[in-house]
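Biologist: Please take a close look at one part of this structure for me. I would like to follow the packing, one contact at a time.

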Protein chains: 2
Amino acid sequence: MNPVIHTILQHRSIRRFADKSLPEEHKKTLLECAIRAPTTAMGHFYSIIEIKDPKLRQQLYEVCGKQAAVRQGSFFVFAVDLHRSQQWAEHLGVDCTLEGYTALVFGTIDMTLAAQNMVLAAESLDLGTVYIGMVGHRASEVSELLGLPSDVIPVLGLVVGHPAEDPALRPRISVRFIHHVDRYGEMSPQEVDEAIDVVGNFSSGEVSANRDEEARRAWIKSLLTGKWWISGEESLRKALKSKFHWPEEAES
Amino acid sequence: MNPVIHTILQHRSIRRFADKSLPEEHKKTLLECAIRAPTTAMGHFYSIIEIKDPKLRQQLYEVCGKQAAVRQGSFFVFAVDLHRSQQWAEHLGVDCTLEGYTALVFGTIDMTLAAQNMVLAAESLDLGTVYIGMVGHRASEVSELLGLPSDVIPVLGLVVGHPAEDPALRPRISVRFIHHVDRYGEMSPQEVDEAIDVVGNFSSGEVSANRDEEARRAWIKSLLTGKWWISGEESLRKALKSKFHWPEEAES
């Protein structure tokens, strides 16, 4: 097993960090690694906003579900960025044709490729990381807090810092439920039970919480029916409606 | 520089591969690396469909812009997958609340995290990779070809194989245009020219194509105003409309 594969297979999200800032040279390396990721048609459809201001960090902590990590280590907001492309188009006197779902999807891809490069680079430097999905669930509030320009949608947060915990690996469902050959393979009811057991046994930092069947099923139900999906959708739609040029708006 | 950072900084997309299949043990490692990526709330909102059938490969090649790489090496279609979650929800007798833009964005994030793990693992094994964005621009056609179930949206292709070329690194715009601190930094007209020079000089596999200013600007114009964005948007919308449960449909 080479060091790259070792780093990938040893990934754990870290949710508690030492009160120690990231050396600037490490941060520089992480950013260089982020921007070396592939980018759709060389378009660079993303931005990374590092939040240093303690007041902004506190406000983001409050908006993003009061997760302790948001106030620890270094915090980066990854955003889908069409603002830059549109500025280039205006500069050249042309109309940008990238918009709507395509812009959202390819911007999210570009942004995520850069983020995952940063995560693996950080882990190779013995730093810890955790993604903060709540940034995407509070896209409208985060956008307002940071005063982002139109066509910049914050979708994912990332904390990087010195780990103050050493959790075990979290489980994954079997690769055979994710990997299909030529045709999509449907899961049998027994396989659904098997996957639910794995995910339902999830608990912060533990390989297994040794939950009983009822508790595992309750966890899955809360995962799939959570109200945060609904409130998150409202906030994301608001951020997109007010900021992106959507074809349906052009038509109406 | 450690081996992980070295691998990340040396990334080049490979577009020509040797006529040699991927050893099965390598493929197994790549898939294990993919599924170790972080996943939103342990939801595993993605699937990876490996295309082995030569007839399907040929059809995908034709649908996805006839890029040579699609017929070479191993080919994986990465898809946003809500089908699995909905099956779990049905199995437990609850209604899944994850839908719409949130499902699209977080599914795309989960899928891309897994894909980038696979890319870096492959590169650490001296394999080459290239993402095929055309899969997302032909989401509707690809979905039909592969007979994907509802709520599985193919968004990104990935070729992995033995490289038959050794291209130079491609340029990126300066990190200072991507990295912002606390507030989004607007680019000056001079900085826009600088970035346009970098991206506009892009040419397959070369650090610089030594294009003159007019040619560089023409390239950027074609990037930002391409008709493929429009046709891609039509296909992606069609795939989403017919497959995802969108709130606007529920309301109407």
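**Packing inside and between the chains**

Modeller: Start with Trp88(B). Leaving aside residues up to four places away in sequence, Trp88(B) touches Ile173(A), Met187(A), Val192(A), Ala195(A), Ile196(A), Val199(A), Ile220(A) and Leu224(A). Keep in mind that this is a predicted model.

Trp88(B) also belongs to the largest nonpolar core, which has 130 residues. Trp88(B) is one of those that touch the most other members.

Now move to Thr112(A). This residue sits in helix 5 of chain A, which covers residues 100-124. Thr112(A) has a relative accessible area of 0%, so it is buried; the cut-off for buried is under 20%. Its contacts include chain B residues: Thr112(A) touches Ile109(B), Thr112(B) and Leu113(B), again leaving aside residues up to four places away in sequence.

Next, look within chain B. Helix 2 (residues 24-35) of chain B packs against helix 5 (residues 100-124) of chain B at an angle of about 140°. Their axes are 7 Å apart. Helix 2 of chain B and helix 5 of chain B are therefore oblique to each other. Their crossing is right-handed. Helix 2 of chain B contributes Leu30(B), Leu31(B), Cys33(B) and Ala34(B) to the contact. Helix 5 of chain B contributes Ala114(B), Asn117(B), Met118(B), Ala121(B) and Ala122(B). By class, this contact has eight nonpolar residues, one polar residue and no charged residues.

Note on methods. Residues are numbered from 1 along each chain as its sequence is written. Chains are lettered from A and ligands numbered from 1 in the order in which they are written. This is a predicted model: local features need pLDDT of at least 70, side-chain atom pairs count only at pLDDT 80 or more; totals for chains, interfaces and linings use all residues. Side-chain values use heavy atoms; hydrogens and water are left out. Axes are lines fitted to C-alpha atoms, for helices over the stretch in contact, and angles run from 0 to 180 degrees between N-to-C directions. Helices (H or I, at least four residues) and strands (E, at least two) are DSSP runs, numbered from the N terminus. Angles under 35 degrees count as roughly parallel, over 145 as roughly antiparallel, 65 to 115 as roughly perpendicular and the rest as oblique. A crossing is left-handed if the near helix is turned anticlockwise from the far one by less than a right angle, and right-handed if clockwise. Contact means heavy atoms within 4.5 Å. Ala, Val, Leu, Ile, Met, Phe, Trp, Tyr, Cys and Pro count as nonpolar, Asp, Glu, Lys and Arg as charged, and the others, Gly among them, as polar. A nonpolar core is a set of buried Ala, Val, Leu, Ile, Met, Phe, Trp, Tyr and Cys residues joined through side-chain atoms within 4.5 Å. Buried means under 20% relative accessible area, exposed over 50%, partly exposed in between (1.4 Å probe, protein chains only).
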